Amino acid sequence: MTQRSMTTAIHTTCPYCGVGCGIVAAPDGKGGAVIAGDPGHPANKGRLCSKGSALGETLSLEDRLLHPEIDGKRVDWNAALDAVAAGFADTIARHGPESVAFYVSGQLLTEDYYAANKLIKGFLGTANIDTNSRLCMASSVAGHRRAFGSDTVPGLYEDFELADLVVLVGSNLAWCHPILFQRLVAARQARPGLRVVVIDPRRTETCEAADLHLPLKLGSDVALFNGLLADLDNRGLRDTRFVERHTQGLDDALRAARRVTPDFATTAAACGLTAADVEAFFDMVAAAPRMVTVYSQGVNQSSAGVDKVNAIVNTHLLTGRIGKPGTGPFSVTGQPNAMGGREVGALSNQLAAHMDFATSDIDRVGRFWNAAGVASKPGLKAIDLFEAVGSGKIKAIWIMATNPVVSLPDADRVRAALESCDLSVVSEAIRASDTVDACRIRLPALAWGEKDGTVTNSERRISRQRPFLAPPGEARQDWWILAEVARRMGFGAAFDWKGPADIFREHAALSGFENAGTRDFDIGAWAHATDAAYEDMRPFVWPAQAGKPAAEQRFFGNGKFFHSDGLARFVAVSPRDPVNDVDAEAPLRLNTGRVRDQWHTMTRSGKSPRLARHRPEPTLELHPDDAADLAIADDDIAEVRTRWGSALARASVTPATRRGDIFAPMHWTAQTASRGLVNAATNPAVDPISGQPELKHTPAAVQPWPVRWQGFLLSSRRLDLASCGYWVAIRGEGHWLHEIAGQDDPAAAWAAIGGALPDGPDIDRVEYVDETAGEFRGARFRDGRLDACVFVGAGRHLAARDWIATLFVPDAELPDSRAAILVGRPSAPRPDLGPLVCACFGVRRDTILDAIVAGDLASVDAVGVATSAGTNCGSCRPELAALLRHAIRKVAA
Ligand code: SF4
């Protein structure tokens, strides 16, 4: 690793979403850093969202895996690496190459990804490597390849700003790609003619910026875009010259479209929309010379995901709206380096550098790697791969930087598969992870802030991630771990890298090797870059071909595609029902997704107290009419059951969800909640082409989870509350907040909870029990400070959580009487202010609503002036807009 002064400001890249924002990190020399947006990075131009802004709060070594372990015992690196190398070699010798697998991650840097892919496909002789990007955008990859002959995202972020119309499909951009959303909103303010349409079954925060929201039926995207294709052609908007010269297959695609959705009315009926809304959408598309269609998980995570992608792409090919400024289909990726994984070939059905398993590609890659036994066929995709682990076909698996026990559908089966596997290895920065718990050999990896390499964002922009913190404990970067295992298996010469610059040069050289414009991914210009040039790399968009002037940054503007005949393909697609549809047993459709201030399985974002306050518990959104039918009120605990499993969550009753649909975020794990892991219940069906799981559509039933007692517990450290049927643990300032509830006898529950509280000779205690009222309150003090405090009763709100939380911060002044804490409220009234809205300034919902009403505020900017909310990172501005609408409605009513 390049040695640096760990006190100078470093330009690096955000480790969260695929926007890939530039960051300037100024380390404090004590293991922390001040984080700011990089004004010189083209993706964000200095802005950061709430997650990026809070990165400085996530750098502690708490919960880190810092030493290698085998079967729970600390070992040295040699022992761990020897065990991994011998285990894989022995498994291959006895059962063949197809008995081993890697499962990797969009969190890996490109250099790590490259090393993993080269080892398994080049030298272990199998393509059983898949990435968690399979869950994110595999359908886009497959759709691109069908249409373009290559996995190419044609456009750039600036196309959002240059378009006349931006259509967001299955994308809650405001929460999942916040800086892109802010760029879109700013462009709209500067150019009011820019129109925005949101196509999403839920009314998400993104809809606050929309001219039109189409709350289509879950899974009906193909019908909608087929209807659009037919309508555009009916209106004479075909770009005949482009279609004739540069495409093939239109007649079949139109025939398929017209068969089912020939007009507004049939399209609307197929999508559960009004004909007027569909007509308005088609009118807007027809009137917009430049249009970008942005899509993400709502399209991709489907058993018809690839067809949805091609239905969208078809409409752009018909009108020639591709490859020019302000046009094109645009898949935005979830992870910071999902694109880097695609570039190196870390999906099991790609070989390397955007080559697949054609004989010529296998030969070319084998010669380049000097490897005689390159994998000759695609490997298993994620769901099949873990099924093979469960059935014993795969006997050795190595997981890197991902948490499949939480993120894959039917997740409990994944845990069971791992626990039964002969050799389970995990490389991970975090110790507190459900997957780390399930694996035998644990290898400590570097985390963000320590790693050195590159990532590629959704617009093909390659940026450096640079370290600004020293490696902690014995943690090592993933490429080093892989190279050491390769050396022990006898492949050292092919992995003899001194640092990430060596790997990047090799990756770049492979991309340009015998390319001559036949493959889209080519960064051959970097094949001979010096270490200094790599070190100083500024973000750049590929392609970057060797010996050629800078290429056009958009693809396909010249009408040249990557099928062998140079033509793009229309793909004839027809709507089909989801695999595993609703029935009498499971009449609701469970949709899953994300919340604004958490990332994936919360291993990093969960360390930030202010992020945790945005949505402190797992929630289940359901429509008011469904809630009434089920006798579930807002804030009740609800149980969602499917044929694969169940989960508990706090009910959120909202008309933003369609009747018949329910929605749950996927972030909660066994580390953070008793039964909040919604993927324990999700549908493992996959798209037949991409293998991407149907995470947006699981038939489900919901029922109340009636409690006999409930409450909360704050303590200076995290407590084991396994005795509670329902618990959730999140970090606060100087404390952990545990939300708790149970169906058991309250007296027995109080005894168990009391037993979990700190005790000993240095602990003072006060307690209050009212058996008649069914209340239990207790506090523990250590060295004159509040150490733990619990309130349990029939209702949730026995005490003011916000006030009690303030008693845990350093130098907090406690009430004169300790018993006064058990009253649960300060002597001067201080109400709870509702959920956190603005993470930057800690502004809560009721403060904002009070300000709106008191000041007769009518704009988000005015709310910002009055409360500061929304004036820093801007991530909460869509929620402020929604609160404004809500408050105005209330005043009007
Ligand atoms: Fe990070 Fe937010 Fe930028 Fe995504 S939008 S890269 S989470 S700062």
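User: What is the mean pLDDT of the protein chain, and how many of its residues reach 70 or more?

Analyst: This is a predicted model, and the mean pLDDT of its protein chain is 93, with 98% of the residues reaching 70 or more. Since pLDDT is the predictor's confidence on a scale from 0 to 100, these values describe confidence in the prediction.

User: Where does pLDDT stay under 50, and what contacts does the model have there?

Analyst: Over residues 1-5 the pLDDT stays under 50, and the model has 14 contacts for them beyond four places in sequence. Where pLDDT is low, the predicted coordinates should not be read in detail.

User: Why is leucine 156 called buried?

Analyst: The cut-off for buried is under 20% relative accessible area, and leucine 156 has 4% relative accessibility, so leucine 156 counts as buried. Leucine 156 lies in the loop between α4 (138-148) and α5 (158-162), and, if residues up to four places away in sequence are not counted, leucine 156 touches Phe330, Glu459, Arg460, Val541, Gln553 and Arg554.

User: How far apart are leucine 156 and phenylalanine 555, in sequence and in space?

Analyst: Leucine 156 and phenylalanine 555 are 399 residues apart in sequence, while their C-alpha atoms are 9.7 Å apart in space.

User: What makes threonine 333 buried, and which residues does it touch?

Analyst: Threonine 333 has a relative accessible area of 0%, which is under the 20% cut-off, and therefore threonine 333 is buried. Threonine 333 sits in the loop between β13 (328-331) and α15 (338-344). Not counting residues up to four places away in sequence, threonine 333 touches Gly18, Cys136, Met137, His177, Ala338, Met339, Arg342 and Ser458.

User: How do you know whether threonine 110 is buried or exposed?

Analyst: The relative accessible area of threonine 110 is 2%, and buried means under 20%, so threonine 110 is buried. This threonine 110 lies in helix α3, and, leaving aside neighbours within four places in sequence, threonine 110 is in contact with Asn337, Gly340, Val344, Thr454, Val455, Thr456 and His507. Threonine 110 and alanine 86 are 24 residues apart in sequence, and their C-alpha atoms are 26 Å apart in space.

User: Which residues of helix α16 are buried, and what covers them?

Analyst: In α16, which runs over residues 359-369, the buried residues are Asp361, Ile362, Arg364, Val365, Gly366 and Trp369. The cover over the buried residues of α16 includes α3 (110-123) and α22 (500-512). After α16 comes asparagine 370, whose phi is positive, near 55°.

User: What makes a space in this model a cavity, and how many cavities of 30 Å³ or more are there?

Analyst: A cavity is a set of points where a 1.4 Å probe fits but cannot get out, and by this rule the count comes to six cavities of 30 Å³ or more. The largest cavity holds about 640 Å³ of space. Its lining has 41 residues, and the closest to its centre are Gln107, Ala401, Trp599, Thr603 and Arg604. By class, the lining of the largest cavity divides into 17 nonpolar, 16 polar and eight charged residues.

User: What is the volume of the second largest cavity, and which elements give two or more residues to its lining?

Analyst: The second largest cavity has a volume of about 440 Å³. Of the 39 residues that line the second largest cavity, the closest to its centre are Gly170, Gln297, Gly298, Asn591 and Lys696. The elements giving two or more residues to this lining are α6 (173-176), α13 (297-300) and β21 (588-593). The lining of the second largest cavity has twelve nonpolar, 16 polar and eleven charged residues.

User: Which element gives the most to the lining of the second largest pocket?

Analyst: With six residues, α7 gives the most to the lining of the second largest pocket. About 410 Å³ of space lies in the second largest pocket, and, of the 17 residues that line it, the closest to its centre are Phe181, Val185, Gln189, Val860 and Arg877.

User: Which elements each supply at least two residues of the shell around the ligand?

Analyst: They are α1 (50-53) and α7. Among the residues around the ligand are Cys14, Cys17, Cys21, Cys49, Pro178 and Ile179, and by class the shell has nine nonpolar, two polar and one charged residues.

Note on methods:
Residues are numbered from 1 along each chain as its sequence is written. This is a predicted model: local features need pLDDT of at least 70, side-chain atom pairs count only at pLDDT 80 or more; totals for chains, interfaces and linings use all residues. Side-chain values use heavy atoms; hydrogens and water are left out. On a 1 Å grid over the protein atoms alone, a cavity is a set of points where a 1.4 Å probe fits but cannot get out, and a pocket is an open set with protein on both sides within 12 Å along at least five of seven lines; lining residues have an atom within 4 Å of a point. Grid points are joined across faces, edges and corners, and a volume is the space filled by probe spheres set on the points. Helices (H or I, at least four residues) and strands (E, at least two) are DSSP runs, numbered from the N terminus. Contact means heavy atoms within 4.5 Å. A residue is near a molecule or strand if one of its heavy atoms lies within 4 Å of it. Ala, Val, Leu, Ile, Met, Phe, Trp, Tyr, Cys and Pro count as nonpolar, Asp, Glu, Lys and Arg as charged, and the others, Gly among them, as polar. Buried means under 20% relative accessible area, exposed over 50%, partly exposed in between (1.4 Å probe, protein chains only).
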